[in-house]
Amino acid sequence: MGKSSFILAFGAVARVMAAPVAEPVAVTDLVKRAQSVNYNQNYIAGGANVQYSPNQNAGSFSVNWNTNGDFVVGLGYQT
């Protein structure tokens, strides 16, 4: 192996070893997500025509809108 080939190979290995590694997911985070939905987001700007029907026990919701107004709705997990 020539000197230039060694430098190229070493550079490639160094880049791979320097790549960031994702943090593992903590078991407690998985347990939290297995619990019931505990957050209901329901922001509807005044005058917006939005019908929002959350079903927190089932973890689902429906939304119908006919508006150009702002709204943010949904279910999730409070941290």
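Strands here (E, at least two residues) and helices (H or I, at least four) are DSSP runs, numbered from the N terminus.

I noted that the model is predicted, so that local features need pLDDT of at least 70 and side-chain atom pairs count only at pLDDT 80 or more, while totals for chains, interfaces and linings use all residues. Residues are numbered from 1 along each chain as its sequence is written, and side-chain values use heavy atoms, with hydrogens and water left out.

**Entry 1: overall layout.** I recorded two helices and four strands. Read from the N terminus, their order is α-α-β-β-β-β. The protein has 79 residues, of which 10% are buried; buried means under 20% relative accessible area, exposed over 50%, and partly exposed in between (1.4 Å probe, protein chains only). I looked up the accessible surface as well, and it comes to about 6700 Å², with 56% belonging to carbon and sulfur atoms. These areas come from the Shrake-Rupley method with a 1.4 Å probe; for residues, only the protein chains shown count as cover. Of the contacts with a separation of 6 or more, 38% are between residues 24 or more positions apart; contact means heavy atoms within 4.5 Å.

**Entry 2: the strand pair.** I returned to E2 (residues 50-55) and E3 (residues 60-65), which pair in the antiparallel sense over six bridges. Two strands pair if DSSP finds at least two bridges between them. I followed two of the partners into E3: Val50 has Trp65 as its bridge partner, and Pro54 has Phe61.

**Entry 3: aromatic rings.** I found two aromatic pairs in the structure. Trp65 and Phe71 form a tilted one, with 5.4 Å centre to centre and 45° between the planes. Rings of Phe, Tyr and Trp (its six-membered ring) pair if their centres lie within 6.5 Å; planes under 30 degrees apart count as stacked, over 60 as edge-to-face and the rest as tilted. I also checked exposure: Trp65 counts as exposed because its relative accessibility is 51%, whereas Phe71, at 24%, counts as partly exposed.

**Entry 4: Asn38.** I located Asn38 in the loop between helix H2 (27-34) and strand E1 (39-44). Asn38 is partly exposed because its relative accessibility is 38%. Apart from neighbours within four places in sequence, Asn38 is in contact with Gln56, Gly76, Tyr77 and Gln78. A polar atom of the Asn38 side chain lies 2.6 Å from the backbone nitrogen of Gln78. Leu75 is 37 residues from Asn38 along the chain, yet their C-alpha atoms are separated by 7.7 Å.

**Entry 5: Asn55.** I placed Asn55 in strand E2. Its relative accessible area is 38%, so Asn55 is partly exposed. Neighbours within four places in sequence aside, Asn55 is in contact with Ser60, Phe61 and Leu75. Between the C-alpha atoms of Asn55 and Asn40, 15 residues apart along the chain, I noted a separation of 9.5 Å.

Technical notes: Polar contact = N/O pair within 3.5 Å; in protein donor to acceptor, adjacent residues only side chain to side chain.
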